[in-house]
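I opened my notebook today to look at how a few parts of one protein chain sit together. Here is what I looked up, step by step.

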Amino acid sequence: MALFLMQKWEQMQDRVTDWTGLLSNLSHIRGEVGDMSPASIAAAVVVGLRAVHVMNRLIDTALQEVLLSQTRFANFLLLFAAGSGIHVASKYRETITQHLNVTRGAASFDSAERAEWLVQLIHNLKRLPPNFWYSSAATGLLSLQIAQRLGVWCLQKTARSRIGNYILKSVF
């Protein structure tokens, strides 16, 4: 029990150090941004948002090309991306849920227990290797692209029907 409490104390000290370092860096950034003119801040925000939009379009186009191509390589890539995400999620399940009460979930706790539960979850997620994040990202990107294509197709088919057109006009 004493070893467990000492480990918790060390973890809490690490978290406090991390948070104080983050807050001091944020206050430094706030000071630097405060010296900039409003026009330069607005220009940086507009360019940054446009860069995010361009990257989003490039990723969408790449995923769409992979989904539409019928080559063996593309099919292998799809199978590998979906399979690797499922595989790493099952492989690292114990690491993700270590020291967590996963039967109740965070929603059933009071606020203090929920915060502790979320901190433990974040601590567990920080221990995962990069291949977990790459595989999960690939699976998530493909799943979201498929969901987007299916959703757009459903909306287009609905909007082009007589009843669907009436429903969409009444909703929007």
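Which residues do ring pairs link into a cluster? I found Tyr92, Phe132 and Trp133 linked this way. I note here that the model is a predicted one.

**Entry 1: the rings**

I reminded myself that two aromatic rings are described by how far apart their centres are and by the angle of their planes. I counted 2 aromatic pairs. In one of them, tyrosine 92 and phenylalanine 132 have ring centres 5.9 Å apart and planes at 85°, so I wrote the pair down as edge-to-face. Tyrosine 92 sits in the loop between helix 3 and helix 4, while phenylalanine 132 belongs to helix 6, so this pair ties together parts 40 residues apart in sequence. I then turned to phenylalanine 132 and tryptophan 133: their centres are 5.0 Å apart with planes at 85°, so this pair is edge-to-face too.

For phenylalanine 132 I noted a relative accessibility of 7%.

**Entry 2: helix 3 and helix 6**

Next I followed helix 6 (residues 130-160) to where it packs with helix 3 (residues 72-91). The angle is about 125° and the axes are 8 Å apart, so the two helices are oblique to each other. I noted their crossing as left-handed. On the helix 3 side, the contact residues include Leu78, Gly85 and Val88; on the helix 6 side, Phe132, Ser135 and Leu142 are among them. Sorting the residues of this contact by class, I got 8 nonpolar, 6 polar and no charged.

**Entry 3: helix 6 and helix 7**

How do helix 6 and helix 7 pack? Helix 7 covers residues 162-171, and I read an angle of about 105° with axes 5 Å apart. That makes the two helices roughly perpendicular. Here Leu155, Thr158, Ala159 and Arg160 of helix 6 meet Arg162, Gly164, Asn165 and Leu168 of helix 7. This contact has 3 nonpolar, 3 polar and 2 charged residues.

**Entry 4: threonine 95**

Last, I looked up threonine 95, which lies in helix 4 (residues 93-96). Its relative accessible area is 19%, so threonine 95 is buried, the cut-off being under 20%. Leaving out residues up to four places away in sequence, I found threonine 95 touching Asn124, Arg127 and Leu128.

Conventions. Residues are numbered from 1 along each chain as its sequence is written. This is a predicted model: local features need pLDDT of at least 70, side-chain atom pairs count only at pLDDT 80 or more; totals for chains, interfaces and linings use all residues. Side-chain values use heavy atoms; hydrogens and water are left out. Axes are lines fitted to C-alpha atoms, for helices over the stretch in contact, and angles run from 0 to 180 degrees between N-to-C directions. Helices (H or I, at least four residues) and strands (E, at least two) are DSSP runs, numbered from the N terminus. Angles under 35 degrees count as roughly parallel, over 145 as roughly antiparallel, 65 to 115 as roughly perpendicular and the rest as oblique. A crossing is left-handed if the near helix is turned anticlockwise from the far one by less than a right angle, and right-handed if clockwise. Contact means heavy atoms within 4.5 Å. Ala, Val, Leu, Ile, Met, Phe, Trp, Tyr, Cys and Pro count as nonpolar, Asp, Glu, Lys and Arg as charged, and the others, Gly among them, as polar. Buried means under 20% relative accessible area, exposed over 50%, partly exposed in between (1.4 Å probe, protein chains only). Rings of Phe, Tyr and Trp (its six-membered ring) pair if their centres lie within 6.5 Å; planes under 30 degrees apart count as stacked, over 60 as edge-to-face and the rest as tilted.
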